[in-house]
Amino acid sequence: VRIVFLTNPNNPTGTLLPAGEVARLRAGLRDDVLLVLDSAYAEYVTAPGYDPGEKLVDAAGNTIMLRTFSKIFGLGGMRVGWGYASPGIIDTLNRVRGPFNVASASQAAAVAALGEPGWEAKSVAHNTEWRGRVAAALEGLGLKVWPSQTNFILIDFGTAGRSGAADAALKSRGLIVRGMSGYGLPQCLRITIGTAEECQMVIDALTAFAHD
Ligand SMILES: Cc1ncc(COP(=O)(O)O)c(C=O)c1O
């Protein structure tokens, strides 16, 4: 093994591995194994004690943290992200990456996003509120909801048939969520937290579906 990738919080479950467990993983790996921490959803985490990777990166030269502007800043189409690692790892990446690998316009968009006053706090507050509301409402319908630290929720409908029927019921109201067959979880749907209105539409649609 040369490289171990860990997505934390994870996609598509939305679940978080506590910092102690990630540190235990690092300690259990050989020093010459690179640990890549994909912390794409870091900003949405509200659980205390989370470390997106800074501490492990600072502690040794064999871990890299990856971040993206695709999630909290909504810039997926700009293809821009960043990493934090020891100078040795960054030097190696600089030697193998393509020139101009992030377009100037994408860099400008990322800088502008960082300068937008209150954007992150506002987005996190909205996500935290509606993640809780949607999860509680769907749990109240008897559905299994995975505990999420991201901007989506994984719902387990028990069977692929039931999940497919729920997907069809959502689609009939114009709500497009993500089927999980590609992840080997055909009994699940992944629902992203949208605007308040969109979240309420999902709650209403699944409430009607559950009582059907
Ligand atoms: C865990 C994880 N990492 C990375 C990405 C994508 O990041 P980027 O758009 O920067 O390639 C996603 C979302 O698509 C994701 O779920």
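1. Let's start with the inside. The largest nonpolar core has 22 residues, and Val134, Leu138, Ile155, Phe157, Leu170 and Leu206 are the ones that touch the most other members. Here a nonpolar core is a set of buried Ala, Val, Leu, Ile, Met, Phe, Trp, Tyr and Cys residues joined through side-chain atoms within 4.5 Å. Two or more residues each come from helix 5 (119-140), strand 6 (152-156), helix 6 (160-171), strand 8 (188-192) and helix 7 (196-210). Helix 7 gives the largest share, six residues.

2. A word on what you're looking at: this is a predicted model, where local features need pLDDT of at least 70 and side-chain atom pairs count only at pLDDT 80 or more, while totals for chains, interfaces and linings use all residues. Residues are numbered from 1 along each chain as its sequence is written, and side-chain values use heavy atoms, with hydrogens and water left out.

3. Setting aside neighbours within four places in sequence, Val134 is in contact (heavy atoms within 4.5 Å) with Ile153, Ile193, Cys199 and Ile203. There is also a second, separate core of 13 residues, with Phe73, Ala109, Ala113 and Phe152 among them.

4. Now the overall build. The protein chain has seven helices and eight strands; these are DSSP runs numbered from the N terminus, helices being H or I of at least four residues and strands E of at least two. Its C-alpha atoms fill a box of roughly 60 × 40 × 30 Å along the principal axes. Of contacts between residues at least 6 apart in sequence, 67% join residues at least 24 apart.

5. How much of the chain is buried? Of its 212 residues, 40% count as buried, where buried means under 20% relative accessible area, exposed over 50% and partly exposed in between (1.4 Å probe, protein chains only). The chain exposes about 11400 Å², with carbon and sulfur atoms supplying 58% of that.

6. Two serines are worth a look. Ser123 sits in helix 5 and counts as buried because its relative accessible area is 15%. Its side chain reaches the backbone oxygen of Trp119 at 2.8 Å. Ser86 lies in the loop between strand 4 (81-84) and helix 3 (87-96). With 15% relative accessibility, Ser86 is buried too. Leaving out neighbours within four places in sequence, Ser86 is in contact with Val57 and Gly61.

Definitions and conventions:
Areas by Shrake-Rupley, 256 points an atom, 1.4 Å probe, with all protein chains shown as cover. Polar contact = N/O pair within 3.5 Å; in protein donor to acceptor, adjacent residues only side chain to side chain.
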